[in-house]
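Let's take a friendly walk through a protein model, from its overall build down to single residues. Keep the picture open as you read.

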Amino acid sequence: MTTTPAHVEEADAILRRLMTEHQSDPYPLFARLRELDPVHRSSMGNFWVLTRYDDVQKILKDKRFVRHFEDFHKRSSGTDADTKRSFAESQSHWLIFSNPPEYHAKRAVYNSAIFSGSRVKDLRPLITSLTDELLNSATDRGEIDIVGQLGYQLTIKVMGHIMGLPGNADIQPFIDWAAAVGPTFEPLVEDSVLRTADKAMDKLNGFLGDRIKQRHGGSGEDLLSRSVAAMEAGTLTEEEVLANAGLLYIAGFETTTHFLGNAVYSLLRHRDQWDLFTSDPARLVDGAVEELLRFESSVQAEPPHRIATEDIQLPTATIPAGDTVVPLMGAANRDPERFKDPDRLDITRKDVRPLSFGGGIHVCIGQHLARLEANIVLVELARRFPGLQLCDEEPEWLGGITARGLRKLKVRLT
Ligand code: HEM
């Protein structure tokens with residue numbers, strides 16, 4: 001299809017809907033966007049939105065893009081500098097805004113903490129026993145909210161263990177902090193969103209700052225101890241230790257919790273796939289997790305922080321140097337040119353390779369952990385409750401184009 005000004009206008013209208021309205025099913029809108037203008041320059045915030053699998057995959061790996069905190073931060077109407085001090089200050093030190101060559105040494109510190117594929121496996125017994133505990137205590141009730149009573153409870157505790165902050169701390173403040181920070185990843189952000197995130201970040205920094213102080217001079221193996229040791233060795237600054245502790249904590253539970261909700265919901269809405277899965281969960285689970293990541297990921301778009309350092313040629317358009325690109329992985333994962341019958345959930349689909357964890361040097365550091373948590377939870381649910389039922393067929397989705405998840409997902413444990 002040749003892109004006309006009318007197509008560009010319709011594509012912008014679709015984007016506006018995706019960013020401002022709650023969508024229980026955004027995929028027809030993604031498909032229309034891809035059909036109208038697959039490399040779309042939005043007039044709303046001067047960024048490009050990509051929806052084809054091949055384009056998104058290419059851009060994710062392209063080293064001619066850099067991360068730019070200042071440009072990212074300029075997205076808000078932004079006159080109210082004082083009220084968003086903590087948040088901007090923290091964000092500016094996040095790993096996701098760091099560029100080579102310094103980036104690699106910083107990322108290596110966090111990789112070494114636990115996130116490599118082989119080290120993550122050590123967490124299997126912990127994740128299994130926490131999942132068992134949560135499901136045991138729900139069995140008498142006969143139902144569980146997969147998001148609030150399983151996902152958050154499990155993933156916040158696992159992150160606490162990784163950070164070196166175990167114990168049964170009250171998890172509600174973490175959920176509130178994540179809810180405040182999540183919307184800042186949207187392509188367009190109101191000042192009020194940043195003010196809320198700023199207050200949350202102050203509190204999270206207070207919580208983590210006290211605990212980081214206790215790690216000075218220590219030799220522990222947990223993430224906080226390792227990052228403090230890296231600071232003492234000169235690889236990280238004090239600000240980076242604090243800011244990335246907050247980033248990792250929140251990224252480590254919010255995304256996976258919502259992925260668990262999306263995964264269980266998708267399987268139960270496609271009963272044939274759930275029934276197939278329960279027939280042999282241990283054998284089918286790896287493929288099922290990849291297909292569920294493709295079908296209903298909890299991260300559908302990258303935040304607008306990839307800036308072209310030179311003109312980038314794509315099949316249907318050229319992105320000029322200095323422009324920002326937003327890869328829409330949720331659309332790419334349903335591209336019919338890459339996936340046959342893309343709107344069908346098929347847990348036995350071959351060669352899935354979803355783009356849900358991004359790609360290139362910044363590819364999600366927690367991808368092995370997220371996969372392991374999903375693997376254990378789905379197998380446990382299928383083994384214990386093959387008759388699992390949704391309590392509500394139309395649960396409420398979060399808003400926005402970047403994060404995708406359910407506010408709650410009650411299921412009957414049968
Ligand atoms: C299903 C769950 C998850 C999804 C869908 C997801 C998705 C993503 C995506 C799309 C990116 C951007 C990658 C890029 O820029 O190309 C990312 C980066 C990141 N994720 Fe995840 N993530 C998940 C789980 C986790 C977990 C469990 C953790 C931590 C334990 C985590 C921590 C991070 C961090 C720190 C980054 C920034 C990495 C960097 O810039 O070097 N994520 N994630």
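## Before we start

A residue is called buried if 20 or more other C-beta atoms lie within 10 Å of its own, exposed if 12 or fewer do, and partly exposed in between, with the C-beta atoms placed from the backbone. Asp351 is a handy example: it counts as exposed because it has 7 other C-beta atoms within 10 Å.

This is a predicted model, in which local features need pLDDT of at least 70 and side-chain atom pairs count only at pLDDT 80 or more, while totals for chains, interfaces and linings use all residues. Residues are numbered from 1 along each chain as its sequence is written.

## The whole chain

The protein chain has 17 helices and ten strands. Here helices (H or I, at least four residues) and strands (E, at least two) are DSSP runs, numbered from the N terminus. Along its principal axes, the C-alpha trace spans about 60 × 55 × 35 Å.

How does the radius of gyration fit a compact globule? A compact globule with 414 residues would have a value near 22 Å, and the protein chain has 21 Å, which agrees. That radius is taken over C-alpha atoms, and the globule rule is 2.2 Å times the number of residues to the power 0.38.

Of the 414 residues, 46% count as buried. Two residues are in contact if their C-beta atoms, placed from the backbone, lie within 7 Å. Among the contacts with a separation of 6 or more, 75% join residues 24 or more positions apart.

## Inside the cores

A nonpolar core is a set of buried Ala, Val, Leu, Ile, Met, Phe, Trp, Tyr and Cys residues joined through C-beta atoms within 7 Å. The largest one holds 82 residues, and Ala245 and Val264 touch the most other members. Helix α13 (residues 238–269) gives the most to this core, with 16 residues.

What does Ala245 touch beyond its neighbours within four places in sequence? Its contacts are Met163, Leu208, Ile212, Leu224 and Ser227. Apart from this core lies another one of 32 residues, including Leu33, Ile59, Leu60 and Ala403.

## Two helix pairs

Two packed helices are described by the angle between their axes and the distance between the axes. The axes are lines fitted to C-alpha atoms, for helices over the stretch in contact, and angles run from 0 to 180 degrees between N-to-C directions. A crossing is left-handed if the near helix is turned anticlockwise from the far one by less than a right angle, and right-handed if clockwise.

Look at helix α9 (residues 146–163) beside α13: their axes come within 9 Å and cross at roughly 150 degrees. The crossing is right-handed. Among the residues making the contact are Leu150, Ile156 and Met163 of α9 and Ala245, Phe253 and Val264 of α13. The contact residues divide into twelve nonpolar, six polar and no charged. In this count, Ala, Val, Leu, Ile, Met, Phe, Trp, Tyr, Cys and Pro are nonpolar, Asp, Glu, Lys and Arg are charged, and the others, Gly among them, are polar.

Helix α10 (residues 172–181) packs with helix α11 (residues 191–213) at an angle of about 145 degrees, with axes 8 Å apart. This crossing is left-handed. The contact includes Asp176 and Trp177 of α10, together with Lys203 and Leu204 of α11. Its residues comprise eight nonpolar, one polar and two charged.

## Residues in the loops

Is His305 buried or exposed? His305 is buried, because 23 other C-beta atoms lie within 10 Å. You can find His305 in the loop between α15 (281–295) and β5 (306–308). Not counting residues up to four places away in sequence, His305 touches Arg67, His68, Phe72, Ile96 and Phe97.

His22 sits in the loop between α1 (5–20) and α2 (27–36). His22 counts as exposed because it has 10 C-beta neighbours inside 10 Å. His22 and Leu398 are 376 residues apart in sequence and 6.6 Å apart in space, C-alpha to C-alpha.

## Backbone details to look for

The peptide bond from Pro100 to Pro101 is cis, with omega near 5 degrees. Pro101 has its place in the loop between α5 (85–91) and α6 (102–115).

Finally, return to Asp351, which lies in the loop between α16 and α17. Asp351 has a positive phi of about 50 degrees although it is not a glycine. Asp341 also has a positive phi of about 50 degrees without being a glycine, and Asp341 lies in the loop between α16 (329–332) and α17 (367–384).
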